[in-house]
Amino acid sequence: AEAKAEGEGEGCRCVPPMPCWQAVPWASLNRSVEGRLTRSEDELASCLSQYGGSLSSSECAKDLESTDDEFWLSSKPNGYQHTGLFNVWNTSRISEFSVLAETEADFQATVKFAHDHNLRLVVKNTGHDWYGRSTAPGSLLLWTHLRKNITFHESFVAEGCDASTAHDAVRVGSGVQFMDLYPAALQEGRIVMGGHLRLRRRRGMLDGGLLRPIHKEVRQRRD
């Protein structure tokens, strides 16, 4: 039987420094996502010598101060809000390339490209994952955070359901956070029940971190 090339074996992804990595046509992917492919870089590059940065630089001091803001981190392709549990992952080992996806076509092209070239693919929105599934060394990152579309429906009927089940609903893009959704709902004269971003950072659900005042009225709790 013909032997498979390195990086093509069952369960083995093509990652650097495998020979197959050098043959990946990144320019082709960049064209298919309309120029939204970027080389991944640590968001604290200004502090790291391997990127030409320095801990004593003013840029480093500014970026370090910015990390106190979880929204600054979530707004970056390679920014992560947590360092994980029990050393299960390492934020210094980021993806090689990132697709800053804006359309469904970007999603489809990225997933297909990773499949066709046997690449390790990770998907990241805000980086709010305790187990490190939104980063991996030697991978291609699909960043979904730029999908901020919000659409309200007055008579939404789920697929396969009877028309009598129609109700108000909202459809949100993968990058929409509660701080985006709440004011949008207010403008539409609606109330959306969800989490409390300012509290979630330091409190658990039962302590109020994922509850809103309206829950007292509707007697619902979510996890």
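Predicted model: local features only at pLDDT ≥ 70, side-chain atom pairs only at ≥ 80, totals over all residues.
Residues are numbered from 1 along each chain as its sequence is written, and side-chain values use heavy atoms, with hydrogens and water left out. Helices (H or I, at least four residues) and strands (E, at least two) are DSSP runs, numbered from the N terminus.

**Strands**

- Strands β1 and β2 run antiparallel and are joined by 3 bridges; two strands pair if DSSP finds at least two bridges between them.
- Across from R39 stands F97 in β2.
- Strands β2 and β4 run parallel, with 4 bridges between them.
- In this second pairing, S98 stands opposite L141 in β4.
- In a regular strand, side chains alternate between the two faces of the sheet.
- Strand β2 is covered on both faces: F97 and V99 are buried on one side, S98 and L100 on the other. Here buried means under 20% relative accessible area, exposed means over 50%, and partly exposed is in between (1.4 Å probe, protein chains only).

**Nonpolar cores**

- In soluble globular proteins, nonpolar side chains tend to be buried together.
- A nonpolar core is a set of buried Ala, Val, Leu, Ile, Met, Phe, Trp, Tyr and Cys residues joined through side-chain atoms within 4.5 Å.
- The largest nonpolar core has 19 residues, of which W26, L29, L37, V99, F113, L119 and L140 touch the most other members.
- At least two residues of this core come from each of α1 (19-22), α2 (26-32), β2 (97-100), α5 (104-116) and β4.
- The element that gives the most to this core is α5, with 3 residues.
- Beyond its neighbours within four places in sequence, V99 is in contact (heavy atoms within 4.5 Å) with L29, V33, R36, L37, T110, L140, L141, L142 and W143.
- There is also a second, separate core of 6 residues, which includes V176, L181, A184 and V192.
- Helix α6 (residues 178-187) has F178, L181, Y182, A184 and A185 as buried residues.

**Aromatic rings**

- The whole structure holds 5 aromatic pairs. Rings of Phe, Tyr and Trp (its six-membered ring) pair if their centres lie within 6.5 Å; planes under 30 degrees apart count as stacked, over 60 as edge-to-face and the rest as tilted.
- One of these pairs is W26 with F113, a tilted pair at 5.7 Å centre to centre and 45° between the planes.
- Because W26 lies in helix α2 and F113 in helix α5, this pair ties together parts that are 87 residues apart in sequence.
- W26 counts as buried, at 13% relative accessibility, and F113 also counts as buried, at 7%.
- One aromatic cluster is formed by W21, W26, F97 and F113.

**Cysteines**

- A disulfide is a pair of cysteine sulfur atoms within 2.5 Å, and the count by this rule is 2.
- With bonded cysteines counted along the chain, the pattern is 1-2, 3-4.
- The sulfur atoms of C14 and C20 are 2.3 Å apart, forming a disulfide. The torsion about their S-S bond is about 120°, so this disulfide is right-handed. Both C14 and C20 are buried.
- The other disulfide joins C47 and C60, with sulfur atoms 2.0 Å apart. Their link is right-handed too, with 105° about the S-S bond.
- C47 lies in the loop between β1 (37-39) and α3 (58-66), and C60 in helix α3, so the pair ties together parts that are 13 residues apart in sequence.
- C47 is buried at 8% relative accessibility, and C60 is buried at 0%.
- C12 is partly exposed, with a relative accessible area of 30%, and C161 is partly exposed, at 41%.

**A buried histidine**

- H145 sits in the loop between β4 (140-143) and β5 (150-156), and counts as buried at 5% relative accessibility.
- Its side chain makes a polar contact with the side chain of N125, at 2.9 Å. A polar contact is a pair of N or O atoms within 3.5 Å; within protein, one must be able to donate a hydrogen and the other to accept it, and residues adjacent in sequence count only if both atoms are side-chain atoms.
- Not counting residues up to four places away in sequence, H145 touches S74, S75, K124, N125, T126, G175 and Q177.
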